[in-house]
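Student: I would like to take a close look at a single part of this model. Please start with one loop and then work towards the rest.

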Amino acid sequence: MAFELPKLPYAVDALEPYIDAQTMTIHHDKHHAAYVSNLNGAIEKHPELGKKSLEALLGDLNAIPEDVRMVVRNHGGGTWNHSMFWEIMAPKAGGAPKGELAKAIDKVFNSFDNFKAEFEKAANGRFGSGWAWLVKKGSGLAIVSTPNQDNPLSDGLTPVMGIDVWEHAYYLKYQNRRAEYVTNWWNTVNWDAIAARFAAK
Ligand code: MN
């Protein structure tokens, strides 16, 4: 198989009370697993695609054969997005970024509090299913949101962090209260992991 479901880097209940164990189990073992499985199904039809990285595939969707392009976009995006999502959260996390990332956030968004407000606006304002992202844009940073499992890589942007605002990410615990999920989610954010992503390349 070309792509594999990564193990969660912590126990399913590690992000309680902000993300409950049942949501985490279904989200990883069912939703993420299905994205990986469907991506691999598309790769089976075009084995040459399996030789590329997921970043390369998502970064040039037009290069993907038309019969599997939408599958790779949706399920390749779902595969990549969730792998990132697990990594940028951690137990006993939250707080504020440090170092170069903190400086960059202050420079672009004036303050960390203002960044959080703008990011929450993007997360809560995404109609239906999708993601809000902090991305590298040129030498700076920007906040964007995408529908479905679309990834900023397809728009030439490099994601540094992102929040899943599909209902499957929060509905069991928060029902329709997406804003409450987003507010609580900050307590799970692993700024060290995000700083490392920001520093890469
Ligand atoms: Mn999800």
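In which loop is Asn148 found?

Tutor: Asn148 is found in the loop between S2 and S3. Helices (H or I, at least four residues) and strands (E, at least two) are DSSP runs numbered from the N terminus. This is a predicted model, in which local features need pLDDT of at least 70, side-chain atom pairs count only at pLDDT 80 or more, and totals for chains, interfaces and linings use all residues. Residues are numbered from 1 along each chain as its sequence is written, and side-chain values use heavy atoms, with hydrogens and water left out.

Asn148 is not a glycine, yet its phi is positive, about 55 degrees. With a relative accessible area of 40%, Asn148 is partly exposed. Buried means under 20% relative accessible area, exposed over 50%, and partly exposed in between (1.4 Å probe, protein chains only). Lys92 is another residue other than glycine with a positive phi, near 50 degrees. Lys92 sits in the loop between H3 and H4 and is exposed, at 87% relative accessibility. The loop between S1 and S2 holds Gly138, which is exposed with a relative accessible area of 78%. From Gly138 to Leu157 there are 19 residues in sequence and 8.4 Å in space, C-alpha to C-alpha.

Next comes the metal site. The manganese ion has the protein donors His27 (NE2), His82 (NE2), Asp164 (OD) and His168 (NE2), 1.9 to 2.1 Å away. His82 belongs to helix H3 (residues 66-87) and Asp164 to strand S3 (residues 158-164), so this pair ties together parts 82 residues apart in sequence. Donors are N, O and S atoms within 2.8 Å of the metal (3.2 Å for Na, K and Ca); water is not among the atoms, so sites may look incomplete. His82 is buried at 0% relative accessibility, and Asp164 is buried with a relative accessible area of 0%.

Helix H5 (residues 112-125) has 14 residues, and at 1.5 Å a residue it should span 20 Å, which agrees with the 20 Å between its end C-alpha atoms. The expected span is 1.5 Å times one less than the number of residues. Its buried residues are Phe112, Phe115, Phe119, Glu120, Ala122 and Ala123. These cover an arc of only 160 degrees around the axis, which puts them on the same side of H5; the arc is that of the directions from the helix axis to the C-beta atoms. On the face turned away from this buried side are the exposed residues Asp113, Lys121 and Gly125. The buried residues of H5 pack against several elements, including strand S1 (130-137), strand S2 (140-147) and S3. Contact means heavy atoms within 4.5 Å.

Not counting residues up to four places away in sequence, Phe115 touches residues including Leu134, Ile143, Met161 and Trp191.
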